[in-house]
Amino acid sequence: MYEKPTDKPTPPPTPPAVRLERRLHTREDGRYLLYYTFAPREERSCRS
Amino acid sequence: MSELRWNAHLGEWTMTSSVRMERTYHPPADFCPLCPTKPGAFETEVPEPDYDIVVFENRFPSLFDPAPEPVVPGTELSPVERSQGRCEVVVYTPEHSGSFGQLPLERIYRLALVWQDRYRELGALEFVDYVLIFENRGREVGVTLDHPHGQLYAFPFIPTIPERELALAGEHHARTGRCLTCDLLAEEQADGRRIVFENEHCVAYIPFAARYPYELMVLPRVCTPSLAEMTEPQLWSLAEALKAVTLGYDALFGEPLPYMMIFHQAPTDGGVWPGAHLHVEFHPLQRSAGKLKYRASVESGGGNFINDSLPEDKAPEMREAIARGAA
């Protein structure tokens, strides 16, 4: 018998702060290709 | 030769694409077209020697941009349209071996960001009404390239099954003011027996009326119409859930489990879809170790599935498999 968890599900770690970037390549036959890369994203602080 | 032919009996489009007969069929690993192009070796679909994630137009598409003129004229009952659309291949990793579930969590999260980007860009095209993201896994599902990858179809119409789901969801919303998928999820959570995985933002369960013994529905807890509205924490949770269930599938019988992974979400036709709630469906073909569930006469000709098992019996097996897969 299934027992419902009494605790809240464990929250996963925070997702990594990345910025999606992509570069277009067009082939001789006209078809496109996109290279996706992921650069670290700097988080802004809110210091006054 | 490619066009859309209207099936007047069923009220749905059939896509013809004779170019697909020529597609690459189980090449040896040294000639995988999805691997990076190594110096001195043959040029693959990806000209560079390394990459992270790549997306490219399928060499053997079902939908074309621009689409050719149809080869036959239509009739009043059986119209024909140009097969205007896009078909893309999404290559998850430069590594030839492995599977979606074996990818590191961070890579699956990056992949989710790519899916989100493709949904937004393709959905913004004037001729695209629906973006279908999917992965066919395993030769039993017709996969011809073993390298981990998925696909995207940008349709000029809303495909039949999502259209039917959205119509039912719309009726429910008009009647109750609520989301059908949210209400079904609430029922599943109240019952609990068929839930197999939960994390902060997502839930996975075997549907009440599952068609396949180990069919799964993975979805965000909060009503989110499409990937475009998913926040980064939601995408991270989704990535974690997809990794957990696909590793669980492989742990079920101790061998790679063939499946279809399909994203259903809001159309991109400019319409209002109050019942749209993103969900990822898994259709795994196996019913037990070494035995496949076939889509035979009753399923194909009658349209109704016979499930040889009870979802309430299969959910504990799946929960245990997910635990084994994560170990």
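This is a predicted model: local features need pLDDT of at least 70, side-chain atom pairs count only at pLDDT 80 or more; totals for chains, interfaces and linings use all residues.
**Entry 1**

The element names follow DSSP runs numbered from the N terminus, helices being H or I of at least four residues and strands E of at least two. The hairpin of β1(B) and β2(B) has 4 residues between the strands, and in this hairpin B:G11 takes a positive phi near 70 degrees.

I then followed strand β1 (residues 2-7) of chain B to β4(B), to which 2 bridges join it in the antiparallel sense, and there B:L4 has B:E81 as its bridge partner. Put together, these strands of chain B form an open sheet of 3 strands in the order β2-β1-β4, with antiparallel pairing. Its edge strands, each pairing on one side only, are β2 (12-17) and β4 (80-81) of chain B.

**Entry 2: the sheet that takes strands from both chains**

Next I traced an open sheet of 11 strands, antiparallel in its pairing, whose order is β1(A)-β2(A)-β3(B)-β5(B)-β7(B)-β6(B)-β11(B)-β12(B)-β10(B)-β9(B)-β8(B). At its edges, pairing on one side only, I found β1 (18-26) of chain A and β8 (195-198) of chain B. From one strand to the next the twist averages 20 degrees.

On the chain A end, β1(A) and β2(A) pair in the antiparallel sense over 9 bridges, and A:T26 has A:Y32 as its bridge partner in β2(A). The hairpin of these two strands has 5 residues between them, and A:G30 takes a positive phi near 95 degrees there.

Where does β2(A) meet chain B in this sheet? I found that 4 bridges join β2(A) to strand β3 (residues 53-57) of chain B, the two running antiparallel. Within β3(B), A:L34 stands opposite B:V55, and A:L33 stands opposite B:F56.

Further along, I looked at strand β6 (residues 130-137) and strand β7 (residues 149-155) of chain B, which pair in the antiparallel sense over 5 bridges; here B:I133 has B:L152 in β7(B) as its bridge partner.

**Entry 3: the contact between the chains**

I looked up how many residues each chain brings to the contact, and it takes 18 from chain A and 27 from chain B, with two residues in contact if their C-beta atoms, placed from the backbone, lie within 7 Å. On the side of chain A that touches chain B, the elements giving two or more residues are β1 and β2 (32-40) of chain A, and the largest share, 7 residues, comes from β2(A). By class this side of chain A has 14 nonpolar, 2 polar and 2 charged residues, where Ala, Val, Leu, Ile, Met, Phe, Trp, Tyr, Cys and Pro count as nonpolar, Asp, Glu, Lys and Arg as charged, and the others, Gly among them, as polar.

**Entry 4: a helix pair in chain B**

I turned to helix α4 (residues 232-252) and helix α6 (residues 311-326) of chain B, whose axes come within 7 Å and cross at roughly 100 degrees. The axes are lines fitted to C-alpha atoms, for helices over the stretch in contact, and the angles run from 0 to 180 degrees between N-to-C directions. I therefore recorded α4(B) and α6(B) as roughly perpendicular to each other, the class for angles of 65 to 115 degrees. Residues that meet include B:A244, B:V245 and B:L247 in α4(B), and B:M318, B:A321 and B:I322 in α6(B). The residues of this contact divide into 9 nonpolar, 2 polar and 3 charged.

**Entry 5: chain B as a whole, and confidence**

I counted 6 helices and 14 strands in chain B, and its C-alpha trace spans about 55 × 50 × 40 Å along its principal axes. For confidence, chain B has a mean pLDDT of 95, with 99% of its residues reaching 70 or more, pLDDT being the predictor's confidence in each residue, from 0 to 100. The model scores ipTM 0.94 and pTM 0.94.

How values were computed: Residues are numbered from 1 along each chain as its sequence is written. Chains are lettered from A and ligands numbered from 1 in the order in which they are written. Two strands pair if DSSP finds at least two bridges between them. Angles under 35 degrees count as roughly parallel, over 145 as roughly antiparallel, 65 to 115 as roughly perpendicular and the rest as oblique.
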